[in-house]
Amino acid sequence: ITPLGYIAMALPCELRLCRLLYLGLMLKCPCDAIAMVAGLTAADPFSTPSLLVIKDQKEYSQKLKRSFDARLWCDAGRHSEPIMLRDLFSHWIQAGAPRGPKAMGVFARDWNIIPKKFEALASEAIDLCTRLVKLLPPRSHGHTSISRMMSAMRFSVDRREELVKTQFPTDSEYKKIFSEEVSLMRALICGGFSDQLLVHLKPRWAPSGGGKKKKEEQVVDIMKKQGLDYRGTVCLLNPPQELRSWNNAEENHQRLCEAMIGERAKRIYWDEKEKLLFYDFKGEAKAKRRGKGGTILPDEGWDEELNTDAVISDVCPQAHRLHQFGAGRWKFNVSFTSAEDAENGDAGGWHKEPYELLKPIQPFLISWEVVQHAAAIEPGGGGKGKGGKGAKKVAGVKAMPDWRNPVGFCCHAAGTMPPEEHLGVCASVQGLESGASAFVAGATVLGLNHIPLLLTTIDPTKWQGKWGFDYN
């Protein structure tokens, strides 16, 4: 039996999660792996507001903002659900690992989590530590690291291999529990979930080179012509016509935006030809001139902090929240007070019949597709021989990450040419009945620089993939 086999027998986890723990021990970051596995095994600890429960639309928008701000802070622009959960667990350890509703009250309010769900996550982490530490030889790096994290949760395993309470470690020990290398975390996730590949190939906003332009190409052309910020703009397709038929159309559009996310856009543009309403939450970017008499170029990232751990140039949080208001659905309803109703003395009420809107559009949205195993692909026949009908084209499976997390509406809004393609992995795939789409959990965005690591971990007998590179 291999070491991975012993871990798989001792832990109540599926093989991919056991492989993640095994790689964490090999790369000397077992506590990070345990935190990620515990977060992926337990239910989502963050609050999950829904209009099915919260009937007040304004309250729903405010709670949705608080929930996303907590997720965004833990994600820190890395677009990885396992790392996001690992950071939340790390903050809990640094806060003294409070247990119970009363002790966890302040931490739950600060990080907008549900205490009972996080209690289940902490119990899962303690169980994983207890089982793993019994398999490791004493004084080894893995044994020492896991024992240190258990003492931070006020537990330890005695000589009889029983779980007992203990004292907190010293302050200097807390810095040794988790690793700070994000690239190591990505490599760990890439190796553990390499058989659940996600790809984003041929971005739809890229020029098609002739023929009719795609909708994403048209949107990018309008944004470029009007000087709208790529990372701060999102648009609505064919919004309600009543908003434009009244006198104050721009005010109505701003009120619509305020009803969904609680704030107004800095710029609004309506394209009559394409029936598109653009919301720019960054406004006109500062400009810089290249050389004497040169062209004026936008100062990219003029209001953004440089994030060396980021793989993609994502859109602003307001664009995410505009998408989250509709809970990821293609159509959703919104109620708000129009400018005309406010002038008539109905400033505090909502429109009697809610308006129906379509899902927001961002041309740089990363559309994930699940890479299927060779065993899941149906044979296409016998070619041109007797009874053969040629190879059957395999339909792609669209991946749908959790819309509440930053990776659920992630975009690469750099707008550079040639357009960049991306890879990703996920912890699990749950297919729908139609087979055309599937829910994915534990998604992580990877750069193309992870291809060499993928080549060493994937099984070539399960895939029908071809790899290559451009000499130019």
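**Reading a predicted fold, helix by helix**

Biologist: Let me start with a helix end. Which residue caps the N-terminal end of α13?

Modeller: Asn 248 does: one of its side-chain oxygens lies 3.3 Å from the backbone nitrogen of Glu 251. Please keep in mind that this is a predicted model.

Biologist: How many residues does α13 have, and what should they span?

Modeller: The check is simple: the expected span is 1.5 Å times one less than the number of residues. Helix α13 has 13 residues, 249-261, so it should span 18 Å, and its end C-alpha atoms are 19 Å apart, which agrees. Just after the helix, Gly 262 takes a positive phi of about 85°.

Biologist: And which residues of α13 are buried?

Modeller: The word buried stands for under 20% relative accessible area. In α13 the buried residues are Glu 251, Asn 252, His 253, Gln 254, Leu 256, Cys 257, Ala 259, Met 260 and Ile 261.

Biologist: Let me try the span check on α11. What distance separates its end C-alpha atoms?

Modeller: They are 17 Å apart; the twelve residues, 215-226, should span 16 Å, so the two values agree. After α11 comes Gly 227, with a positive phi of about 70°.

Biologist: Is helix α14 mostly covered or mostly open?

Modeller: Mostly covered: in α14, residues 317-325, eight of the nine are buried. Those eight are Gln 318, Ala 319, His 320, Arg 321, Leu 322, His 323, Gln 324 and Phe 325. They pack against α4 (57-75), β4, α13, β6 and β9 (331-334). Just beyond the helix, Ala 327 has a positive phi of about 55°.

Biologist: Now the cores. Which residues touch the most other members of the largest nonpolar core?

Modeller: The general idea is that in soluble globular proteins, nonpolar side chains tend to be buried together. Here the largest nonpolar core holds 66 residues, and Phe 89, Trp 92, Ile 93 and Met 153 touch the most other members. Helix α7, residues 115-135, gives the most to this core, with nine residues. A second, separate core has 43 residues, among them Leu 243, Leu 322, Val 334 and Cys 411.

Biologist: What is Ile 93 in contact with?

Modeller: Setting aside neighbours within four places in sequence, Ile 93 is in contact with Ala 152, Met 153, Tyr 174, Ile 177 and Phe 178.

Biologist: Could we take two single residues? Where is Ser 67, and is Ser 67 buried or exposed?

Modeller: Ser 67 is in helix α4, and at 3% relative accessibility this serine counts as buried, because the limit is under 20%. Beyond four places in sequence, Ser 67 is in contact with Ser 47, Pro 49 and Asn 112. Asn 112 is 45 residues away along the chain, yet the two C-alpha atoms are separated by 6.0 Å.

Biologist: And where is Val 370?

Modeller: Val 370 is in strand β11, residues 369-370, and it counts as buried at 11% relative accessibility. Not counting residues up to four places away in sequence, Val 370 touches Leu 197, Leu 198, Val 397, Ala 399 and Val 440. Its C-alpha atom is 9.5 Å from that of Met 400, 30 residues apart along the chain.

Biologist: How many disulfides does the structure hold?

Modeller: A disulfide is a covalent bond between the sulfur atoms of two cysteines. The structure holds zero of them. Cys 18, for instance, is in no disulfide, and its nearest cysteine sulfur, that of Cys 13, is 5.2 Å away. Cys 18 is buried, with a relative accessible area of 0%, and Cys 74 is buried with a relative accessible area of 0%.

Biologist: Finally, the whole chain: how many helices and strands does its secondary structure come to?

Modeller: There are 16 helices and 16 strands. Of the 472 residues, 46% are buried. Among contacts between residues at least 6 apart in sequence, 69% join residues at least 24 apart. The accessible surface comes to about 25000 Å², with 52% belonging to carbon and sulfur atoms.

Notes
Residues numbered from 1 in each chain as written. Predicted model: local features only at pLDDT ≥ 70, side-chain atom pairs only at ≥ 80, totals over all residues. Heavy atoms only, no water. Core = buried A, V, L, I, M, F, W, Y, C linked by side-chain atoms within 4.5 Å. Buried < 20%, exposed > 50% of the residue type's maximum accessible area, 1.4 Å probe, protein only. Helix = DSSP H or I, 4+ residues; strand = E, 2+ residues; numbered from the N terminus. Contact = heavy atoms within 4.5 Å. Areas by Shrake-Rupley, 256 points an atom, 1.4 Å probe, with all protein chains shown as cover. Disulfide = S-S within 2.5 Å. Polar contact = N/O pair within 3.5 Å; in protein donor to acceptor, adjacent residues only side chain to side chain.
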